[in-house]
Amino acid sequence: MANTETQSILVVGSGMSGLTAAVEAAEAGYDVYIVEKNPYLGGRVAQLYHYFPKLCPPYCGLEINFRRIKQNPRIRVFTMAEVEGISGDEGDFDVTVKLNPRYVNAKCTCCGKCAEACTKEIDNAFNYGMDKVKAAYLPHDMAFPMRYVLDPVLIQSEEAQKVKDACPYDAIDLDMVPKTMNLKVGSVVWATGWKPYDANKLDSYGFGQYPDVITNVMMERLAAWSGPTKGKIIRPSDGKAPETVAFVQCAGSRDENHLPFCSGVCCLASMKQATYVREQYPDAKIIIFYIDIRATDRLEDFYNKVKQDENIRFFKGKVAKITQDESGGLILRVEDTTTEELKEIPADLVVLATGMQPNTSENPLPIQVPYDDYGFVASQNARPGIYAAGCTRTPTFVSEVVQDGTAAALKAIQSIVRR
Ligand SMILES: Cc1cc2nc3c(=O)[nH]c(=O)nc-3n(C[C@H](O)[C@H](O)[C@H](O)COP(=O)(O)OP(=O)(O)OC[C@H]3O[C@@H](n4cnc5c(N)ncnc54)[C@H](O)[C@@H]3O)c2cc1C
Ligand code: SF4
Ligand code: SF4
(Lines give C-alpha, C1' and ligand atoms only; values in the text may rest on other atoms or scores of the structure.)
(Ligands and ions follow the chains in the order given, each with its own letter.)
Protein backbone atom coordinates (compact mmCIF):
# COMPACT_ATOMS: atom_id res chain seq x y z
CA MET A 1 0.00 0.00 0.00
CA ALA A 2 1.28 3.48 -0.88
CA ASN A 3 2.02 6.06 1.81
CA THR A 4 -0.56 8.64 2.97
CA GLU A 5 0.63 11.37 0.60
CA THR A 6 0.25 9.22 -2.47
CA GLN A 7 -3.25 8.26 -1.37
CA SER A 8 -4.27 11.83 -2.14
CA ILE A 9 -6.11 12.89 -5.28
CA LEU A 10 -5.47 16.11 -7.15
CA VAL A 11 -8.49 17.74 -8.83
CA VAL A 12 -7.61 20.49 -11.31
CA GLY A 13 -10.52 22.86 -12.00
CA SER A 14 -13.53 23.44 -9.77
CA GLY A 15 -16.48 23.63 -12.16
CA MET A 16 -19.34 21.22 -11.58
CA SER A 17 -17.25 18.29 -12.84
CA GLY A 18 -14.21 19.01 -10.65
CA LEU A 19 -16.29 19.91 -7.58
CA THR A 20 -18.23 16.67 -7.90
CA ALA A 21 -15.08 14.58 -8.29
CA ALA A 22 -13.52 16.29 -5.25
CA VAL A 23 -16.43 15.89 -2.84
CA GLU A 24 -17.21 12.33 -3.92
CA ALA A 25 -13.59 11.22 -3.47
CA ALA A 26 -13.25 13.02 -0.12
CA GLU A 27 -16.50 11.57 1.19
CA ALA A 28 -15.20 8.12 0.24
CA GLY A 29 -12.29 8.77 2.64
CA TYR A 30 -9.51 10.15 0.38
CA ASP A 31 -7.56 13.36 0.80
CA VAL A 32 -8.20 15.78 -2.06
CA TYR A 33 -6.44 18.90 -3.28
CA ILE A 34 -8.47 21.25 -5.48
CA VAL A 35 -6.37 23.54 -7.68
CA GLU A 36 -8.44 26.34 -9.27
CA LYS A 37 -7.16 29.14 -11.49
CA ASN A 38 -9.94 31.62 -10.60
CA PRO A 39 -10.15 33.35 -7.20
CA TYR A 40 -13.42 31.45 -6.57
CA LEU A 41 -14.85 27.96 -7.09
CA GLY A 42 -17.76 26.94 -9.31
CA GLY A 43 -16.57 27.39 -12.88
CA ARG A 44 -18.78 28.69 -15.66
CA VAL A 45 -22.09 27.71 -14.08
CA ALA A 46 -21.52 30.32 -11.37
CA GLN A 47 -22.03 32.85 -14.19
CA LEU A 48 -25.34 31.38 -15.40
CA TYR A 49 -28.66 32.99 -14.44
CA HIS A 50 -30.78 29.83 -14.64
CA TYR A 51 -30.37 26.18 -15.61
CA PHE A 52 -32.40 24.55 -18.35
CA PRO A 53 -34.74 22.77 -18.31
CA LYS A 54 -36.02 23.54 -14.78
CA LEU A 55 -35.09 27.22 -14.94
CA CYS A 56 -33.74 27.20 -11.40
CA PRO A 57 -30.68 29.19 -10.24
CA PRO A 58 -27.42 27.18 -10.41
CA TYR A 59 -26.42 28.48 -7.02
CA CYS A 60 -28.53 25.88 -5.20
CA GLY A 61 -26.34 23.05 -6.54
CA LEU A 62 -23.14 25.00 -6.04
CA GLU A 63 -24.01 25.88 -2.43
CA ILE A 64 -24.59 22.23 -1.58
CA ASN A 65 -21.11 21.39 -2.86
CA PHE A 66 -19.51 24.33 -1.04
CA ARG A 67 -21.15 23.16 2.20
CA ARG A 68 -19.78 19.65 1.64
CA ILE A 69 -16.30 21.13 1.10
CA LYS A 70 -16.51 23.29 4.25
CA GLN A 71 -17.57 20.28 6.33
CA ASN A 72 -14.85 17.99 5.03
CA PRO A 73 -11.34 18.43 6.45
CA ARG A 74 -10.01 16.05 3.78
CA ILE A 75 -10.40 18.71 1.07
CA ARG A 76 -7.78 21.45 0.67
CA VAL A 77 -8.60 24.26 -1.72
CA PHE A 78 -6.06 26.38 -3.61
CA THR A 79 -7.55 29.24 -5.64
CA MET A 80 -5.59 31.45 -8.06
CA ALA A 81 -3.47 28.36 -8.61
CA GLU A 82 -2.30 26.44 -11.66
CA VAL A 83 -0.51 23.15 -12.17
CA GLU A 84 2.84 23.73 -13.83
CA GLY A 85 4.28 20.24 -13.88
CA ILE A 86 3.31 16.60 -13.34
CA SER A 87 5.83 13.77 -13.36
CA GLY A 88 5.83 10.18 -12.17
CA ASP A 89 3.36 7.37 -12.67
CA GLU A 90 0.01 6.13 -11.47
CA GLY A 91 0.01 5.96 -7.67
CA ASP A 92 3.04 8.21 -7.32
CA PHE A 93 2.87 11.59 -9.08
CA ASP A 94 4.94 14.68 -8.23
CA VAL A 95 3.03 17.86 -8.98
CA THR A 96 4.24 21.46 -9.10
CA VAL A 97 1.60 24.10 -8.45
CA LYS A 98 2.00 27.84 -8.92
CA LEU A 99 0.08 29.94 -6.39
CA ASN A 100 -0.63 33.48 -7.54
CA PRO A 101 -0.97 36.20 -4.89
CA ARG A 102 -4.44 37.39 -3.85
CA TYR A 103 -2.88 40.08 -1.58
CA VAL A 104 -5.73 39.42 0.89
CA ASN A 105 -5.46 36.88 3.70
CA ALA A 106 -8.00 34.83 5.64
CA LYS A 107 -8.72 37.72 8.06
CA CYS A 108 -10.88 39.38 5.36
CA THR A 109 -14.45 39.98 6.57
CA CYS A 110 -15.67 41.36 3.21
CA CYS A 111 -16.38 44.74 4.83
CA GLY A 112 -15.61 46.44 1.49
CA LYS A 113 -13.53 49.32 2.96
CA CYS A 114 -10.64 48.54 0.58
CA ALA A 115 -12.93 48.93 -2.45
CA GLU A 116 -14.23 52.24 -1.05
CA ALA A 117 -10.67 53.54 -0.78
CA CYS A 118 -9.71 52.34 -4.26
CA THR A 119 -10.26 54.58 -7.31
CA LYS A 120 -8.74 52.28 -9.91
CA GLU A 121 -11.14 50.19 -11.96
CA ILE A 122 -10.68 47.06 -14.06
CA ASP A 123 -12.96 45.14 -16.47
CA ASN A 124 -15.32 42.87 -14.56
CA ALA A 125 -14.28 39.41 -15.78
CA PHE A 126 -17.25 37.78 -14.04
CA ASN A 127 -19.61 39.86 -16.23
CA TYR A 128 -17.53 39.20 -19.37
CA GLY A 129 -16.25 42.78 -19.37
CA MET A 130 -19.72 44.38 -19.64
CA ASP A 131 -19.01 46.60 -16.63
CA LYS A 132 -16.14 47.60 -14.38
CA VAL A 133 -15.19 46.75 -10.81
CA LYS A 134 -12.79 48.36 -8.41
CA ALA A 135 -9.28 46.90 -8.51
CA ALA A 136 -9.96 45.77 -4.90
CA TYR A 137 -12.97 43.54 -5.41
CA LEU A 138 -15.05 40.56 -4.40
CA PRO A 139 -15.14 38.30 -7.50
CA HIS A 140 -18.94 38.04 -7.21
CA ASP A 141 -21.68 38.29 -4.60
CA MET A 142 -21.83 34.55 -3.84
CA ALA A 143 -18.10 33.86 -4.20
CA PHE A 144 -16.56 30.89 -2.39
CA PRO A 145 -14.22 31.52 -0.70
CA MET A 146 -15.90 34.79 0.27
CA ARG A 147 -12.77 36.90 0.20
CA TYR A 148 -11.62 40.04 -1.62
CA VAL A 149 -8.84 40.13 -4.23
CA LEU A 150 -6.44 42.93 -5.14
CA ASP A 151 -5.61 43.18 -8.83
CA PRO A 152 -1.90 43.49 -9.80
CA VAL A 153 -2.76 46.86 -11.45
CA LEU A 154 -3.50 48.21 -7.99
CA ILE A 155 -0.42 46.65 -6.39
CA GLN A 156 1.83 48.39 -8.91
CA SER A 157 0.19 51.77 -8.27
CA GLU A 158 0.76 54.49 -5.68
CA GLU A 159 -2.71 53.80 -4.32
CA ALA A 160 -1.80 50.37 -2.95
CA GLN A 161 -0.69 51.63 0.46
CA LYS A 162 -3.82 53.80 0.86
CA VAL A 163 -6.00 50.76 0.14
CA LYS A 164 -4.02 48.64 2.62
CA ASP A 165 -4.38 51.33 5.29
CA ALA A 166 -8.16 51.36 4.77
CA CYS A 167 -8.48 47.74 5.87
CA PRO A 168 -9.53 47.61 9.56
CA TYR A 169 -8.70 43.90 9.89
CA ASP A 170 -5.06 43.78 8.72
CA ALA A 171 -6.19 41.49 5.92
CA ILE A 172 -4.13 43.06 3.13
CA ASP A 173 -0.59 41.90 2.50
CA LEU A 174 1.10 43.84 -0.30
CA ASP A 175 4.23 41.71 -0.01
CA MET A 176 2.58 38.52 -1.22
CA VAL A 177 4.49 37.03 -4.18
CA PRO A 178 3.87 34.07 -6.49
CA LYS A 179 4.85 30.81 -4.83
CA THR A 180 5.51 27.29 -5.98
CA MET A 181 4.19 24.32 -4.05
CA ASN A 182 5.04 20.64 -4.54
CA LEU A 183 2.44 17.92 -3.98
CA LYS A 184 2.65 14.16 -4.04
CA VAL A 185 -0.55 12.49 -5.19
CA GLY A 186 -1.67 9.05 -6.28
CA SER A 187 -3.98 10.18 -9.08
CA VAL A 188 -5.26 13.26 -10.88
CA VAL A 189 -8.68 14.38 -12.15
CA TRP A 190 -8.31 17.00 -14.88
CA ALA A 191 -11.47 19.14 -15.10
CA THR A 192 -10.45 22.48 -16.56
CA GLY A 193 -13.62 22.84 -18.64
CA TRP A 194 -14.32 25.25 -21.45
CA LYS A 195 -14.34 28.84 -22.55
CA PRO A 196 -16.74 30.61 -24.92
CA TYR A 197 -15.55 30.62 -28.52
CA ASP A 198 -14.16 34.10 -29.28
CA ALA A 199 -16.94 35.94 -31.15
CA ASN A 200 -14.42 38.53 -32.38
CA LYS A 201 -13.31 35.86 -34.86
CA LEU A 202 -16.76 35.81 -36.51
CA ASP A 203 -16.12 38.65 -38.97
CA SER A 204 -19.57 38.80 -40.57
CA TYR A 205 -21.54 39.13 -37.31
CA GLY A 206 -20.24 42.51 -36.14
CA PHE A 207 -19.43 41.49 -32.57
CA GLY A 208 -17.28 44.20 -31.01
CA GLN A 209 -18.42 46.60 -33.76
CA TYR A 210 -22.14 46.77 -32.92
CA PRO A 211 -22.79 46.97 -29.16
CA ASP A 212 -26.20 45.30 -29.50
CA VAL A 213 -24.62 42.12 -30.83
CA ILE A 214 -23.78 40.10 -27.71
CA THR A 215 -22.97 36.46 -26.97
CA ASN A 216 -24.97 33.85 -25.10
CA VAL A 217 -22.69 33.95 -22.05
CA MET A 218 -23.14 37.74 -21.88
CA MET A 219 -26.92 37.21 -22.04
CA GLU A 220 -26.68 35.05 -18.91
CA ARG A 221 -25.05 37.95 -17.08
CA LEU A 222 -27.52 40.53 -18.47
CA ALA A 223 -30.40 38.48 -17.06
CA ALA A 224 -28.77 37.86 -13.67
CA TRP A 225 -29.69 40.10 -10.72
CA SER A 226 -25.96 40.34 -9.93
CA GLY A 227 -25.13 41.27 -13.54
CA PRO A 228 -24.15 44.62 -15.07
CA THR A 229 -27.76 45.82 -15.40
CA LYS A 230 -29.07 44.23 -12.16
CA GLY A 231 -30.95 41.69 -14.22
CA LYS A 232 -32.63 44.02 -16.71
CA ILE A 233 -32.26 42.80 -20.30
CA ILE A 234 -31.60 46.02 -22.18
CA ARG A 235 -29.81 47.07 -25.33
CA PRO A 236 -26.21 47.89 -24.40
CA SER A 237 -26.13 50.77 -26.92
CA ASP A 238 -28.95 52.89 -25.44
CA GLY A 239 -30.36 51.05 -22.41
CA LYS A 240 -33.74 50.61 -24.13
CA ALA A 241 -35.94 47.54 -23.86
CA PRO A 242 -35.55 45.36 -26.98
CA GLU A 243 -38.74 44.74 -28.98
CA THR A 244 -37.20 42.06 -31.19
CA VAL A 245 -34.47 39.72 -29.98
CA ALA A 246 -32.70 37.41 -32.45
CA PHE A 247 -30.69 34.34 -31.46
CA VAL A 248 -28.11 33.18 -34.01
CA GLN A 249 -27.48 29.46 -33.53
CA CYS A 250 -24.21 27.73 -34.45
CA ALA A 251 -22.35 31.08 -34.32
CA GLY A 252 -18.93 29.71 -35.26
CA SER A 253 -19.96 26.13 -34.49
CA ARG A 254 -20.09 23.24 -36.95
CA ASP A 255 -17.84 25.36 -39.11
CA GLU A 256 -14.45 24.14 -40.32
CA ASN A 257 -13.04 27.67 -39.98
CA HIS A 258 -14.01 27.95 -36.32
CA LEU A 259 -15.32 25.16 -34.04
CA PRO A 260 -16.07 22.22 -36.35
CA PHE A 261 -18.14 20.36 -33.74
CA CYS A 262 -21.59 20.84 -32.19
CA SER A 263 -21.43 21.97 -28.55
CA GLY A 264 -24.74 20.28 -27.80
CA VAL A 265 -25.92 22.87 -25.27
CA CYS A 266 -26.33 26.16 -27.15
CA CYS A 267 -29.71 25.36 -28.75
CA LEU A 268 -31.13 24.72 -25.29
CA ALA A 269 -29.31 27.74 -23.88
CA SER A 270 -30.98 30.00 -26.47
CA MET A 271 -34.41 28.54 -25.71
CA LYS A 272 -33.76 29.14 -22.03
CA GLN A 273 -32.67 32.71 -22.75
CA ALA A 274 -35.82 33.23 -24.85
CA THR A 275 -37.74 32.53 -21.64
CA TYR A 276 -35.65 35.20 -19.85
CA VAL A 277 -36.75 37.74 -22.48
CA ARG A 278 -40.34 36.55 -22.35
CA GLU A 279 -40.39 36.92 -18.53
CA GLN A 280 -39.40 40.59 -18.76
CA TYR A 281 -41.12 41.60 -22.00
CA PRO A 282 -44.33 39.65 -22.64
CA ASP A 283 -44.85 41.40 -26.01
CA ALA A 284 -41.30 41.11 -27.35
CA LYS A 285 -40.79 39.11 -30.52
CA ILE A 286 -38.09 36.45 -30.37
CA ILE A 287 -36.58 34.73 -33.41
CA ILE A 288 -34.26 31.75 -33.13
CA PHE A 289 -32.30 31.22 -36.38
CA TYR A 290 -31.09 27.63 -36.56
CA ILE A 291 -29.71 24.96 -38.86
CA ASP A 292 -31.10 22.10 -36.81
CA ILE A 293 -32.17 22.02 -33.19
CA ARG A 294 -30.29 19.79 -30.78
CA ALA A 295 -32.57 18.83 -27.88
CA THR A 296 -32.59 15.14 -27.15
CA ASP A 297 -34.17 12.81 -24.59
CA ARG A 298 -36.10 14.62 -21.85
CA LEU A 299 -34.81 17.97 -23.04
CA GLU A 300 -37.06 17.68 -26.08
CA ASP A 301 -40.00 18.40 -23.75
CA PHE A 302 -38.43 21.76 -22.98
CA TYR A 303 -38.07 22.47 -26.71
CA ASN A 304 -41.71 21.53 -27.31
CA LYS A 305 -42.82 23.80 -24.47
CA VAL A 306 -40.83 26.79 -25.76
CA LYS A 307 -42.18 26.16 -29.28
CA GLN A 308 -45.72 26.63 -28.05
CA ASP A 309 -45.03 30.30 -27.26
CA GLU A 310 -46.48 32.19 -30.21
CA ASN A 311 -44.02 35.06 -29.76
CA ILE A 312 -41.04 32.74 -30.18
CA ARG A 313 -40.38 31.91 -33.82
CA PHE A 314 -37.99 29.16 -34.90
CA PHE A 315 -36.56 30.20 -38.27
CA LYS A 316 -34.68 27.54 -40.22
CA GLY A 317 -31.81 29.33 -41.87
CA LYS A 318 -28.16 30.21 -41.32
CA VAL A 319 -27.47 33.89 -40.69
CA ALA A 320 -24.88 35.02 -43.24
CA LYS A 321 -24.27 38.59 -42.16
CA ILE A 322 -25.33 41.19 -39.59
CA THR A 323 -25.25 44.89 -40.42
CA GLN A 324 -26.59 48.07 -38.82
CA ASP A 325 -29.03 50.51 -40.43
CA GLU A 326 -28.98 54.30 -40.07
CA SER A 327 -31.23 54.28 -37.00
CA GLY A 328 -28.89 51.86 -35.20
CA GLY A 329 -31.13 48.82 -35.67
CA LEU A 330 -29.55 45.52 -36.64
CA ILE A 331 -30.32 43.70 -39.90
CA LEU A 332 -29.78 39.96 -40.25
CA ARG A 333 -29.27 38.57 -43.76
CA VAL A 334 -30.42 35.00 -43.81
CA GLU A 335 -31.44 32.37 -46.30
CA ASP A 336 -34.75 30.79 -45.38
CA THR A 337 -33.85 27.16 -46.10
CA THR A 338 -37.51 26.16 -46.22
CA THR A 339 -38.43 28.58 -49.07
CA GLU A 340 -34.87 29.17 -50.37
CA GLU A 341 -35.49 32.94 -50.22
CA LEU A 342 -32.89 35.44 -49.06
CA LYS A 343 -34.34 37.64 -46.30
CA GLU A 344 -33.31 40.71 -44.36
CA ILE A 345 -34.77 40.65 -40.86
CA PRO A 346 -34.47 43.51 -38.37
CA ALA A 347 -33.75 43.05 -34.65
CA ASP A 348 -32.95 45.31 -31.68
CA LEU A 349 -30.71 42.86 -29.88
CA VAL A 350 -28.80 39.89 -31.34
CA VAL A 351 -27.46 37.03 -29.23
CA LEU A 352 -24.74 34.90 -30.83
CA ALA A 353 -25.02 31.30 -29.64
CA THR A 354 -21.29 30.62 -29.55
CA GLY A 355 -19.96 27.19 -28.69
CA MET A 356 -17.67 25.73 -26.04
CA GLN A 357 -13.95 25.56 -26.72
CA PRO A 358 -12.03 23.18 -24.44
CA ASN A 359 -9.46 25.00 -22.30
CA THR A 360 -7.08 22.10 -23.03
CA SER A 361 -6.98 23.23 -26.70
CA GLU A 362 -4.85 26.20 -25.60
CA ASN A 363 -3.59 25.02 -22.20
CA PRO A 364 -2.87 21.31 -22.44
CA LEU A 365 -1.96 19.16 -19.45
CA PRO A 366 1.69 19.41 -18.40
CA ILE A 367 2.07 15.67 -19.04
CA GLN A 368 1.52 13.75 -22.27
CA VAL A 369 -2.11 12.65 -22.87
CA PRO A 370 -4.01 12.07 -26.13
CA TYR A 371 -6.36 14.78 -27.49
CA ASP A 372 -9.00 14.65 -30.20
CA ASP A 373 -8.93 16.92 -33.27
CA TYR A 374 -10.56 19.78 -31.34
CA GLY A 375 -8.35 19.76 -28.25
CA PHE A 376 -10.63 17.80 -25.89
CA VAL A 377 -8.85 15.09 -23.90
CA ALA A 378 -9.58 12.04 -26.04
CA SER A 379 -10.81 9.71 -23.30
CA GLN A 380 -11.72 9.68 -19.62
CA ASN A 381 -8.73 7.37 -19.03
CA ALA A 382 -6.25 9.94 -20.28
CA ARG A 383 -3.34 7.80 -19.08
CA PRO A 384 -2.93 5.50 -16.06
CA GLY A 385 -3.72 7.58 -12.96
CA ILE A 386 -4.93 10.65 -14.89
CA TYR A 387 -8.64 11.04 -15.63
CA ALA A 388 -10.48 13.71 -17.60
CA ALA A 389 -13.89 14.90 -16.42
CA GLY A 390 -16.63 17.19 -17.74
CA CYS A 391 -16.13 19.59 -20.65
CA THR A 392 -12.41 18.83 -20.70
CA ARG A 393 -13.55 15.63 -22.35
CA THR A 394 -16.65 16.63 -24.28
CA PRO A 395 -18.97 19.65 -24.51
CA THR A 396 -22.11 18.91 -22.53
CA PHE A 397 -24.53 20.09 -19.85
CA VAL A 398 -24.40 19.98 -16.09
CA SER A 399 -26.22 16.75 -15.28
CA GLU A 400 -23.75 14.93 -17.57
CA VAL A 401 -20.63 16.56 -16.13
CA VAL A 402 -21.78 15.68 -12.61
CA GLN A 403 -21.99 12.01 -13.63
CA ASP A 404 -18.65 12.33 -15.32
CA GLY A 405 -17.06 13.86 -12.20
CA THR A 406 -18.37 10.97 -10.09
CA ALA A 407 -17.00 8.44 -12.56
CA ALA A 408 -13.61 10.17 -12.60
CA ALA A 409 -13.52 10.14 -8.77
CA LEU A 410 -14.09 6.39 -8.79
CA LYS A 411 -11.33 5.86 -11.37
CA ALA A 412 -8.97 8.05 -9.32
CA ILE A 413 -9.72 6.01 -6.18
CA GLN A 414 -9.16 2.75 -8.06
CA SER A 415 -5.75 4.04 -9.17
CA ILE A 416 -4.75 4.50 -5.55
CA VAL A 417 -6.20 1.21 -4.37
CA ARG A 418 -4.38 -0.67 -7.15
CA ARG A 419 -0.95 0.55 -6.01
C1 LIG B 1 -24.52 29.90 -22.86
C2 LIG B 1 -24.47 28.63 -22.08
C3 LIG B 1 -25.48 28.34 -21.18
C4 LIG B 1 -25.49 27.12 -20.50
N5 LIG B 1 -26.56 26.84 -19.71
C6 LIG B 1 -26.65 25.61 -19.16
C7 LIG B 1 -27.83 25.23 -18.45
O8 LIG B 1 -28.76 26.00 -18.32
N9 LIG B 1 -27.89 23.97 -17.95
C10 LIG B 1 -26.87 23.06 -18.10
O11 LIG B 1 -27.00 21.92 -17.65
N12 LIG B 1 -25.71 23.42 -18.74
C13 LIG B 1 -25.58 24.66 -19.28
N14 LIG B 1 -24.44 25.02 -19.94
C15 LIG B 1 -23.28 24.08 -19.92
C16 LIG B 1 -22.46 24.24 -18.61
O17 LIG B 1 -21.93 25.54 -18.56
C18 LIG B 1 -21.34 23.20 -18.57
O19 LIG B 1 -21.94 21.90 -18.59
C20 LIG B 1 -20.48 23.30 -17.31
O21 LIG B 1 -19.91 24.56 -17.17
C22 LIG B 1 -19.36 22.25 -17.38
O23 LIG B 1 -18.66 22.24 -16.16
P24 LIG B 1 -17.11 21.82 -16.13
O25 LIG B 1 -16.78 21.59 -14.71
O26 LIG B 1 -16.85 20.71 -17.07
O27 LIG B 1 -16.32 23.09 -16.72
P28 LIG B 1 -16.25 24.61 -16.25
O29 LIG B 1 -17.54 25.10 -15.75
O30 LIG B 1 -15.62 25.31 -17.40
O31 LIG B 1 -15.21 24.59 -15.04
C32 LIG B 1 -13.82 24.45 -15.25
C33 LIG B 1 -13.05 25.09 -14.11
O34 LIG B 1 -11.65 24.86 -14.31
C35 LIG B 1 -10.94 26.07 -14.07
N36 LIG B 1 -9.70 26.05 -14.86
C37 LIG B 1 -9.54 26.25 -16.19
N38 LIG B 1 -8.24 26.12 -16.54
C39 LIG B 1 -7.56 25.84 -15.40
C40 LIG B 1 -6.19 25.58 -15.10
N41 LIG B 1 -5.26 25.56 -16.06
N42 LIG B 1 -5.85 25.32 -13.82
C43 LIG B 1 -6.79 25.34 -12.83
N44 LIG B 1 -8.10 25.58 -13.06
C45 LIG B 1 -8.48 25.81 -14.32
C46 LIG B 1 -11.90 27.16 -14.51
O47 LIG B 1 -11.55 28.41 -13.93
C48 LIG B 1 -13.22 26.59 -14.00
O49 LIG B 1 -13.45 26.95 -12.65
C50 LIG B 1 -24.41 26.21 -20.65
C51 LIG B 1 -23.36 26.53 -21.54
C52 LIG B 1 -23.41 27.69 -22.27
C53 LIG B 1 -22.35 27.96 -23.29
S1 SF4 C 1 -9.48 43.14 2.57
FE2 SF4 C 1 -9.90 44.26 4.49
S3 SF4 C 1 -11.00 46.09 3.80
FE4 SF4 C 1 -11.05 44.67 2.10
S5 SF4 C 1 -12.99 43.64 2.37
FE6 SF4 C 1 -11.42 42.38 3.36
S7 SF4 C 1 -11.44 43.01 5.50
FE8 SF4 C 1 -12.54 44.60 4.36
S1 SF4 D 1 -26.21 22.90 -29.86
FE2 SF4 D 1 -27.38 23.89 -31.50
S3 SF4 D 1 -26.46 25.95 -31.70
FE4 SF4 D 1 -25.01 24.69 -30.55
S5 SF4 D 1 -23.61 23.93 -32.11
FE6 SF4 D 1 -25.19 22.36 -31.80
S7 SF4 D 1 -26.76 22.78 -33.33
FE8 SF4 D 1 -25.45 24.60 -33.19
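**Close-up views of a predicted model**

The shell around ligand 2 is made up of eleven nonpolar residues, two polar residues and one charged residue.

View 1. The shell holds 14 residues, of which Cys108, Cys111, Lys113, Cys114 and Cys167 come nearest to the ligand.

**View 2. Ligand 1 lies between domain 1 and domain 3.** Domain 1 (5-99 + 178-195 + 357-418) and domain 3 (198-354) both contribute residues to the shell, so the ligand is placed between them. The ligand is surrounded by 39 residues, and the closest are Gly13, Gly15, Gly43, Gly193 and Gly390. By class, the shell has 18 nonpolar, 15 polar and six charged residues. At least two residues of the shell come from each of helix H1 (16-27), helix H6 (216-223), helix H7 (266-280) and helix H9 (398-418).

**View 3. Helix H1, one of the helices that supply residues to the shell around ligand 1.** H1 has twelve residues and spans 16 Å from its first C-alpha to its last, close to the 16 Å expected at 1.5 Å a residue. The helix is mostly covered, with eleven of its twelve residues buried. Among the buried residues are Met16, Leu19, Val23 and Glu24.

**View 4. Surroundings of ligand 3.** This ligand has 14 residues around it, and Cys250, Ser253, Cys262, Cys266 and Cys267 are the closest. Strand S14 (residues 244-251) and helix H7 each supply at least two residues of the shell. The shell divides into six nonpolar, five polar and three charged residues.

View 5. Six of the six residues of S20 are buried, so the strand is largely enclosed by the rest of the structure. Leu349, Val351 and Ala353 point one way, while Val350, Leu352 and Thr354 point the other way. S20 pairs in the parallel sense with strand S13 (residues 213-215) over three bridges, and Val350 of S20 is the bridge partner of Val213. S20 also pairs in the parallel sense with S14, over five bridges; there, Leu349 is the partner of Val245.

**View 6. Helix H2 (residues 59-71), with a buried face.** The 13 residues of H2 reach 18 Å from the first C-alpha to the last, close to the 18 Å expected at 1.5 Å a residue. Leu62, Asn65, Phe66 and Ile69 are buried. Seen down the axis of H2, the buried residues fall within an arc of 100°, so they line one face of the helix. Exposed on the other side are Cys60, Ile64, Arg67 and Gln71.

View 7. Most peptide bonds are trans. Pro145 is in the loop between strand S8 (136-137) and strand S9 (149-150).

**View 8. Tyr103 and Glu340, non-glycine residues with positive phi.** Tyr103 has phi of about 65° and is in the loop between strand S5 (92-99) and helix H3 (113-117). Tyr103 counts as buried because it has 24 C-beta neighbours inside 10 Å. Glu340 has phi near 60° and is in the loop between strand S18 (330-336) and strand S19 (341-347). Glu340 is exposed, with 8 other C-beta atoms within 10 Å.

Conventions: Residues numbered from 1 in each chain as written. Chains lettered and ligands numbered in written order. Predicted model: local features only at pLDDT ≥ 70, side-chain atom pairs only at ≥ 80, totals over all residues. Near = placed C-beta within 6 Å. Nonpolar A, V, L, I, M, F, W, Y, C, P; charged D, E, K, R; others polar. Buried ≥ 20, exposed ≤ 12 C-beta atoms within 10 Å, placed from the backbone. Helix = DSSP H or I, 4+ residues; strand = E, 2+ residues; numbered from the N terminus. Pairing = 2+ DSSP bridges. Domains from an automatic or database assignment. Expected span 1.5 Å × (residues − 1). Arc of directions from axis to C-beta.
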